Amino acid sequence: MTAALRAERVSLSFGDTPALRGAEFAADPGEIVAIIGPSGSGKSTLLHCLAGILVPDEGEIRVDGQRLDTMSEADRSALRRDRFGFVFQFGQLVPELTAAENVALPLLLSGTRRGEAVKRAEKELSRLGLDGLGGRRSGELSGGQAQRVALARALAGSPRVIFADEPTGSLDSLTGEQVMDLLVGTAREQGTTVVIVTHDARVAAYADREVMVRDGRVTSPVGLS
Amino acid sequence: MIRLGLRMALGRDGLGRLGLIGGAVATGVAMLLGVLAGVNAVQAQNLRYSWLNSGVTSAATGPAAKDPAWWAPRQDYFQGRSVIRIDVAPTGPSGPVPPGMPALPSAGSYYASPALTKLIATTPADRLGDRFPGRQAGVIGTSALPGPDALIIVVGLTEAEVRARDGAVRIDRIVSASPSSCDGCYIGIGGEALTLTLGVVGVALLFPLLMFVGTATRLAAARREQRFAAMRLLGATPRQVSTLATVESAVAAGLGTVAGFGLYAPVRTGLSHIPFTGERFFASHLTLTWAQIVAVAIGVPLGAAVAARLALRRVRISPLGVTRRATPRPPRAWRLVPLAAGLAELAWFVGRRPSTSDGQLLAYLSGIFVVMTGLVVAGPYLTLLGSKAMARWSRHPAGLIAGRRLADDPRTGFRAVSGLMLALFVTSVATGVIGTMVAGQGDRSDSARKLSMTSLPHDQAPGEKDLAALAAVDGVDHVQIVRYDENRGENGLPGLISCADLAALRDYGRCAPGAEVARVFSDLSAPDGVPPHWETAPVSAASLAARPALSLVVLTDGSPAAVERSRTILESAFPASRPPLTDREWNTDFARTLVQFQRLADIVVVTSLVIAGCALAVAVTGGLNERRRPFSLLRLADVRLAELRRVVALESAVPLLAVSVVAIGAGFLSAHLFLRSQLQDNLVAPPASYYALVSLGLALSLGLITSTMPLLRRVTGPDTVRNE
């Protein structure tokens, strides 16, 4: 079986500071993997490389068997738009747009007509219990609501992989739990691969498997053979 | 994407940015339209001068009249204003007919322009009306006038009288070619030169405008990196993000252009009151062609979009925010070298003035250009020095924070005020040079006192009656006849004056010891304005009276009544001679041209100041938004809002005032070096209008900084920390 995501010998430095040193990673289709590790260990950097946000200095990254690290910026943008979804800790909603428009944004970027995109966005919001909030702007939403809107946006395009970087980092434990239930529940329902970066053991517990990153290296079993 | 860009441009958050860019573009567009209308008006006005050149028979156009006419143009003056007078004598009823009148006036009558008609009616006849013999046959229509205030008169005389006039010719056609396209025409304005100058002014207005749009777009994009980054994360390509930001700026520029067309109406009204060419424009001449309207309406937003697009190439927005930022290397002292080189180049030419005008142009313009470039290059280093000093010596935390921040990235701090600095440099150079030249040319206290008639006919000596009439004028101190000497002496001076008379005149030079008669210029003017020791003439004082008269010099108390009465007597006594002039009137045309260029420079400066002020406001606002989180946290840590205000004010005001001082200093130094080299003259202190202009510009800029302060309270509220 081809891995949904695979990273081999991935290294990346910021100036003279190495962030990743030959990191290895793999995730099955539909698998939920948590990347854990102490602060500054390189777990977010690994996620950014897997998602095509950063390009590693060395090593290979494949998505459904296709090389990602050699793609052009435009191709990586298209990949993120069409096959990936993102839930980050904060700063991910566009404040000028309403919640529904934020959810519709990836669809609009990929050329879906506005009416259809907003309709699908409303449906996604409804599925996540955000009925009636589609017309609100990000500043008018609570932290939990904003995070669920971000989740709805990540799911709206029916992505192959969802990347979540500290998705509950800015939420209280109860709200965080609700967000994680929705993320994991919907992913399992749709068969979506999820890669979660967290330092919170309760969040990591939602995953099928945990991967430990320390000093830029993956120190626990990588997963697929 | 374009729709989304429109949405973001017109959304609540974008309105401030929209207003700022739109306002600056509106100002620039209104000025640009004014300049284009000015170019059209100059050409229309110049065409109205064409008929006055009908004496240039080689330029004649149109069908020939059956009866030719004698035609003699001359330039008269009244209280410093130019009066164009045409003496004519038709030889038959079917003579050539100029525009604005039904026929040429017959002997003993005249046609006068409305302004001159009014002036004649309201001025005592012995000061003006007596110069024009006969009765008024009618008023010259506007189709013959270059402007509403034009003083023009066509006087009908006998053929014998006109033929005796200096420069009289026989014409059978009225010229209708513009002086700028007519070989030999001399009445009118240097249309091509002025159009070229206005063209340069237009570019000078457009350039900072597009620079500003680019800067505003770049700063706005950098400020909104987080939301653009969010889009990049979701898969928006850099091109899509760039399109989004470009659409926002283009929309603002488009709305600004529309507003600029609205603002053009008062600009046009203002322009119609300013005599750029020496004559006010008719409002109907200040019009735009459809091609110009379309070019501005499409060109400015398009230019803004291109400028925005180009500017965004320097902003790299990654899905994680702007590309990881490291503290840039501080600017080094070598940045002072180009500025020093430019000033050194100008200083080198002091005492070594190039002999050709092309050489002078190359020497001085290249020097000024190198100084300007040097200021831009040195700006970040000077900002660094100022900020380090502020951080080191400040007793308040505000000074420390502001100083450290400026020192961390002095290039950005300087960029916000660089436009203002160049505007101040240009205005200081222009004011220094033009102000000194105008002071040297036209405004010496005695320049209106001396009235000289320098082309007396050799066969007509001034009669006792004329001299007595002049001496009887209230305010006339002395009447001097300068005699003609065909030998001219070593220096080619044509005039002779007895040393006794010269001593009585006091201010017009001295004879060599023991001399009886001196050689002088016909109007007794002194080279370089310094009363000289005149060359001795080998003739006796007693023999002077037998020589023909060269000129008549009338010294008055400088009052308009005395000057104009004397002029009227002289013109009536010697109608065939060129009209008498005061020194100030000799210099008026040149001084007026200089003042026109000063006015054009002022327009560029005021507009540049406004645009530079807007750029500053954009930069300050951008800086505030960039630091909303740390500032919010400082407020939560009990730092007073007033302290944060002081930080922002210091960050903006210190570079602003520092570069202003440097720009003004460099401007005046450059002007002084140019004046020393080219004219051996020292810089004269600038007029009050300069201080007013600079103070206005700085006050406007400081006001714009102050206007951003309410934003500080809003963006640093506790909600910011929570929402972030």
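User: How do you know that the end-to-end distance of helix α18 of chain B agrees with its 39 residues?

Analyst: In this predicted model, α18(B) covers residues 641-679, and at 1.5 Å a residue it should span 57 Å. The expected span takes one less than the number of residues. The end C-alpha atoms of α18(B) are 55 Å apart, so the two values agree.

User: What makes Leu650(B) a bend in α18(B), and what follows the helix?

Analyst: The bend is the angle between axes fitted to the seven residues ending at a position and the seven starting there. At Leu650(B) that angle is about 25 degrees. After α18(B) comes Gln680(B), with a positive phi near 50 degrees.

User: Why are β4 and β6 of chain B said to stand at the edges of their sheet?

Analyst: The open sheet has six strands in the order β4-β3-β5-β2-β1-β6 (chain B), with mixed pairing. β4 (135-139) and β6 (169-171) each have a single partner strand, so one side of each lacks a neighbour in the sheet. On average, neighbouring strands here are turned by 30 degrees against each other, direction ignored.

User: How do you know that β2 and β5 of chain B pair?

Analyst: Pairing requires at least two bridges. Strand β2 (residues 81-90) and strand β5 (residues 152-156) of chain B have five, in the parallel sense. Within this pair, Val88(B) stands opposite Gly156(B).

User: What makes β1 and β2 of chain A a hairpin?

Analyst: Strands β1 (residues 5-14) and β2 (residues 17-27) of chain A pair in the antiparallel sense over seven bridges, and two residues lie between them. One of the bridges joins Val10(A) to Ala23(A). In the turn, Gly15(A) has a positive phi of about 65 degrees.

User: Which residues touch the most other members of the largest nonpolar core?

Analyst: They are Leu5(A), Ile35(A), Leu50(A), Val195(A) and Leu616(B), in a core of 186 residues. Helix α2 (residues 15-48) of chain B gives the largest share, 17 residues. Leaving aside residues up to four places away in sequence, Leu50(A) touches Leu5(A), Ala7(A), Phe25(A), Ile61(A) and Val195(A).

Notes:
Residues numbered from 1 in each chain as written. Chains lettered and ligands numbered in written order. Predicted model: local features only at pLDDT ≥ 70, side-chain atom pairs only at ≥ 80, totals over all residues. Helix = DSSP H or I, 4+ residues; strand = E, 2+ residues; numbered from the N terminus. Axes fitted to C-alpha atoms, helices over the stretch in contact; angles between N-to-C directions. Core = buried A, V, L, I, M, F, W, Y, C linked by C-beta atoms within 7 Å. Buried ≥ 20, exposed ≤ 12 C-beta atoms within 10 Å, placed from the backbone. Contact = placed C-beta atoms within 7 Å.
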